[in-house]
Every structure is written in structure tokens, then in C-alpha cells.
Amino acid sequence: MAMRDKMGSLRTPEQFLPSTFEERGTAVPFTTPMYAFARVRKDYRERLELLVTRFSDGAGVYVVPWTAVPELAQLTTHDTVLHEEVLQKRVLNPYDMRMAALVVATTGLAGPEAAETATKRIAEDEESKALNQVILILKVIELAQREAAPALLREILTPAGQMRVRETLFQIADKLELAPDLLDRRLSELGLGTYPVGVAWSPMEGRLRGIMKRTEEMRASLLAWAEDQLGEASEQARFCAQVAEHTLRICKQVLVDFDAEVANPAAIVAVWDEKRPVIENLSGRLAWLLDGWQPIADMWLDSAATDVGARAATLEEMLSMLPLLPRKEIQGPDHDRVAEAMASRRRTWVRAAEDWRTGEVDSDLVQRLEGLKAKAA
Amino acid sequence: MNDQEMQEASIEEISERLQTIAEPKFLAAVQTLSAGAVLPEVDRLMTAVRPRLRTLRPPRAPTLKQLLCRPFEDLLHSGASESENGIPRTAIADLWPLVTSQDPIGMQGLNAKLRTIFPTDARGIQALGAQLWRRAAKSLGQISATDEAARHLRAMRDALAAADVIEAFKQAVPIKPLPRIGESERNVILETLRKLAADSLPANGFLLVVAARLQSPGNLLEALRDSEAGVPKAAIQGLGTFAIARIEDRAIRFEKTISTARPEDLAREAERLIGDLATTHDALDAKGRSELERRTEGVSAVVRTMLGERIIDAAPAAIAAALPGPDGEPSKENLLAAEAHARAFSRSRRIAGLLGLERQATSVAAAIRKRFEARVDELREQARAAPEQNAAAQAGIYQSVRMVELAVGAREAAQLLRTARPGPSSP
């Protein structure tokens, strides 16, 4: 375990922020209270390590080698399996973490509701991939052969319609000077690279767009609630809203860039080798920006019917898991103000989990964490 | 049916009607009730409709009367006047005329000003409240210190005199109920006590409000006992009386819900009640302890019987619902019910020792563990005999591991998981 930073007073608040997403780590949906809201990343020797905030009173982040995680606290059985999964597959980014978490949740070790949701989400993912693919193909056809598109759209679900789509794609491949199977493969890769975000013209909202929307809903709700409150609760709500706002501002710009890049899939596939890293980078960046926000948004929005005291307790829990923006993402005239607020103010609010001191399992917290899984996107 | 019964029946009918009428009519009815006279019947109706009101949360500015009560609203209860569990809502009927009659013009002025403040202008409302509380504390003047009938008025006066610091405390520590007093809360409390002492203001109003906002009022006694806060003995005694009354009230409510509440809720409340009893007992002086024991005599026995019968003895059958039955695999609802009981059982084990139920609980835990270990062995055998059913067997194994985790413990479940799996591999 790394030593706590004793040089705090000589550093600027900003220097407590991670500099990149990889340094911030990927949120691990553990249900063991001590490791709730912790993040995994690799160290300078490429070994996995876990960043834990719940046994420090906001004074810093504890770094635990991944292999030592089960030794420091008794993991729930769900977490035992997730821990192994992350280790074996070296899960280090939000996409892979989501899949790992869903697969483990299907075991039922986090409860039947989490298992049901996970099974549903995995199926929805496949549907989303398939729909995204169809939408891209139809867009390519529309852009390349506008007059053919409406008829093909009507018939696409029929075997004959699908045959005609293939024929049309062959013609387009020819025009693009690509072999048909190459076009097919590139469209498939484009589909895989874009489906988590979803294309702008899709009738079905992409998962990451949905998380953005939910986070925006949370932000607006926090500000409205903060207006009615005074003191600590109001400050904390505004702070959470501020962090969400900065994150969403960057997300919106990334989305604009993404939508601009993907607007013409026919053009993209022609220069796919050049475009692929750009699109994957934008999609990946959005996933990193939104990593950890969905459970926070769910916690807040689901607490709407509770009273001030209970909401204040929810806020405090949210603060301990708030995904702070890495240093390199904080830009513009607000830089100093945002960096200072994020790094130093949150540290005064985060409490340690009592359970590590008493050794008793906080079974209410375990149940709440499992409940978040049952809602996971 | 006598008059009392007829009245109860009418209130119940009205209450039911209020729960089902359309939102706008409901909100209008509540507004009328809130602005009207403070009567026990009205109070009972408001208590019944509060859950629905909370979900609708219309933005509304408080009335002057509500604002007046804000510093001690955590102490208000709907129980009998004799209860030492805070301040009965009916006492507001005595307070209001005393406050308004002293300075009717001033109060009218404040009321008019309140109507101009936007409902969401928390700062504006608070600022006006501060003026109101100062006036009210002054209006209450000299209330007899020994007149039992004036007990509630004294409590309200003391809270109003300390209103600024009480409101500041609520803003600094907004969580309610606060599960425990941590370092930062303790500092706020001690700092506030120092300020009250420096301003020669009574501490008891503030202390009672803090206690009312805690999950266990005994925590405050504990925190003050360990500090050098120099709190007057009378205030500590008042706090002790309040803590005892709260536990007594809680125990009565607990007993009433035994036959209808879910096992998980019963176990949670039982754990808190017993924990509260233990904390408060340790924090009181000898006289307080004796009073606590007298007033809560029988509580432990009631909890013991409930835990023993409804949770511990019932656990094997309730948890076995997670196993396949004559109709095949358990439904999701059966699984959830089995899990809920498993959690209740696990929670009951935390206080079983205090109630003389440890041996019984340990024996039941061992039986549950054995049952699910046998199930895991069955499934492993099935998978060996018919590999094509491996996935179904694996699902059953995980389910059994989970039940052991919830009912017996994570350590035992981890051992079972290790024996059931060949080694670290994908689920």
C-alpha cells in the first residue's frame, strides 16, 4: 500500500488531481463497502492497482495492489469473481469494465434483480449493435444511392429486401474501389466503434447519449434543490452540479466532433484506416468522461421523494464517488477555480466508511450497491 | 359506536379520501388544513397524508406559524402531552397566541413580508425567521420554571432563544437521522455550546434538537460525557429524560408492528433499538440508568421473543424457498423473499448474544450452511453426470453461495465458492 501523501501543504490543490483518465482509473462496481466506488488502473510496472477513498477521511486516496485487495477486506462473493475477472482480462477501460460487470452480475451473486438487469442489458447491447449496423448501412446507401434508400428501408426485414441491400452494397463497394468483403468488414468495425454512443440520426438513443442526458437531468435537479437549501447541503449540491457541468460541457463538444465525423459513413469507410483511430478515440473519450456518472445520477434522481435529511445523506455518498476531471481535461478561463474546487473542497466532505474501523459489514450499503447494479445501463 | 369512535372513523374516512383524490384537490385540501387551527384531529390527518405530500413536493413558502416552529420542529410529535418525547404539536396552540398577542402589529408586518418572499428564497425566509424567533423568545418572557403545565412552553422558548445556532447547526449537519456523531459533528456541537455559554443562552433547546436529529439520542449523551463541554447538569438531565422517552416510544411502536412488519424491517429496527438501549444505558448516570431500566423493562424480552420466533426459528424454511421445489426453480419473487429473510437472520445474529439467542442462532446458521453445501454437492454431481447441464448447475451453485453469504457470512460463502469452482476462471 502506498504511503499517504504527507507533502500536502507544499502542493497546489490542482496537483492532487489525476492528470489523465488512465491515471484516474476505471470505476469498479464492487459491492464490498470498503471498496465501493474504487477505481482500477495500472501502475508504472503495468500491474493492476486499486485506488480506494473509503478508508481515508477524504485526506487522500489509498493505493492497493490488485492482488492484495482480497487480503485487506473480506470481499463479497460477487466481488471475488469480479476481482478475478478484472485480473484475468486486464480490464482497464470503461467499456471492458461494463462487460465484465454485466457478465459477473448474471451469476446472481449480486442478487436476482441485478442478474436479470445484466442479462437484459447484454441482450440489449446485441440489439443495439445490430440496429446501429443496419442504420449505418442504410445511411451509406442513402448517401451513395439516394433514390434506392426508401424502398430498401421498407423491405430490409424481408429476405428479398436483404438480398437487395447486399446487391446495392456491392455496387457501392465498386464505386468506392473496395472489395465487397472489405466494405462489409469496415462497416462492421464502424458499427462496433459507434454503437455505444449511437449515431445522431438513430431512432434508438445510444447508451452513452442516454447517460449524458441522465447526468444533465441530475445536474438540473441538484441546482434546483440547492436553491431551496442553505449551508452545507446547498454547497455540496452546487459542487456536484458544477463538476457535472464541466464534465458535460466537454462531453457535448466530444459529441459534436463525433457526430461530425460519423455524419458520412460512406466517406469514412473509404479512408477507414485513417478515420478509425479518430472515431475510436472520440467514442472512448466519451466513455471515460462519463465513467462513474450513471450510478451517481441514479442515486440522486431516485432520492427525489425523500426528505432533506435523507437527501443530504445521499449527497454525501455521491461526493465520495464523484468522478473528478483529470487535470488535462480542465481547460479555459475556469481552470484555476474548477481545479481548486474539485481537489480541495471535496476532500473536506468525504468521510471514511465506519465499517473498516469496526469490522462489521455495512449490510445496508451492500444492499444499496447491489441495487445500483439492478439499475445499471 | 360512541363519540370518540365516530370521530376516529370519520378521520379515517377523510384520510382515505385524501389519499385518493386528484392532486390539485389534495394540495388545496392540505393547504387549508395547514392554515387552520391546530387541533389533534387535524394533526392526525396531516400525519396520515404526509407521505403523499412528500412525493408531490409542491414549492410553497412556510406560513408564519410554521416558520415560528422551525427551530424546534424536530422535537414535535403527535403523541400525548405528558410524553417527554419532545413537544406535542398541540402545544403550538398555546404558543401562538402568546407570541402574537404581545406585538400584533409587528407580527402582521412579518406576515405581510413573508408573503412577498418567493417560496424558494431560502435565504430570505431564513432572515425573516431570525427576526420572528427573536421576537417570539422575548415575548415568552418569564415562564414559570416549576409549573409542569408550562413545560412545553419553556422548551419552545429555549429553542427559540437559541434559534440562530440551531439553524446554523442544521445547515452545517444536514443529514437526518444522523447515524453517528463523527469528529466534524462533535466539533460543531462543542463550538455551538461554547457560543451559547458565551452569550448566556440556554443549551437545552439546542441539545434536544441535536438529539432529535440523531438515529440514537444516546449518542449525544455519550459524546458530551467524553468532552469537557461544561454543559449544565440540568441540560444533561433533560437530554437523558428525552433519550429515555424516545427509546420507550420507539419500543412501543416496535411492539405494535411486530405482527405486520417484514422480517427485514423488524430485524433492522430491533438491532437499532437494542443498540440504542445499550448506548444510552452506558451514557447515563446511575439515576438515569435506573429510570431507563424501569421504563424499558420488558423491551428486551419482547425483542427476544420476536427475533427468536419470527426470524431465527423461521429462517430455515424461509431461506429454503431459494431452493427448487415441486414446481421447479424458485421464482424471482421467492428468491427475493428468501434473500430478505436471510438478511434479517444475519442482522439478528449481531444482537443475538445480547438477548441470549446466540446458541439458537448459531445452530440455525450451521443448519442453513449445511443445507446449501449439500445442494452444491448435488449440483456438482449433476454437472459431472450430465455436462450439458453445466450452466444450470453453475447457476444453482452461485445461488446457494449467495444464500450462504447473506445468511451466514461472506467468509463461509467464499469457502463454499472456492470448493465449488475448479479455480479462478470466467463465470
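**Close-up views of a two-chain model**

View 1. B:S200 is exposed, with a relative accessible area of 64% (exposed means over 50%, buried under 20%, partly exposed in between, with a 1.4 Å probe and protein chains only). The model is predicted; local features need pLDDT of at least 70, side-chain atom pairs count only at pLDDT 80 or more, and totals for chains, interfaces and linings use all residues. Residues are numbered from 1 along each chain as its sequence is written, chains are lettered from A and ligands numbered from 1 in the order written, and side-chain values use heavy atoms, with hydrogens and water left out. B:S200 lies in the loop between α10 and α11 (204-212) of chain B. Helices (H or I, at least four residues) and strands (E, at least two) are DSSP runs, numbered from the N terminus. Phi of B:S200 is near 55 degrees, a positive value. Most residues other than glycine have a negative phi.

**View 2. A:F37 between two strands.** A:F37 sits in the loop between β1 (26-27) and β2 (39-42) of chain A. Its phi is also positive, near 70 degrees. A:F37 is buried, at 17% relative accessible area.

**View 3. The cis bond at B:P177.** B:K176 and B:P177 are joined by a cis peptide bond, with omega about 0 degrees. Most peptide bonds are trans. B:P177 belongs to the loop between α9 and α10 (183-198) of chain B.

**View 4. A:T117 in helix α5.** A:T117 is part of helix α5 (residues 112-144) of chain A. With 12% relative accessibility, A:T117 is buried. Beyond its neighbours within four places in sequence, A:T117 contacts A:K373, A:A374 and A:A376 (contact means heavy atoms within 4.5 Å).

**View 5. Helix α20 of chain B.** α20(B) has 18 residues. Of these, 13 are buried, so the helix is largely enclosed by the rest of the structure. Just after α20(B), B:G409 has a positive phi of about 155 degrees.

**View 6. Where chain B meets chain A.** Chain B gives 39 residues to the contact and chain A gives 47. The rule finds six salt bridges across the interface (a side-chain nitrogen of Lys or Arg within 4 Å of a carboxyl oxygen of Asp or Glu). One of them pairs A:D364 with B:R347, whose closest N and O atoms are 2.6 Å apart. Elements giving two or more residues to the chain B side include α3 (40-56), α18 (332-352) and α20 (390-407). α18(B) gives the most, with seven residues.

Terms used. The expected span of a helix is 1.5 Å times one less than its number of residues.
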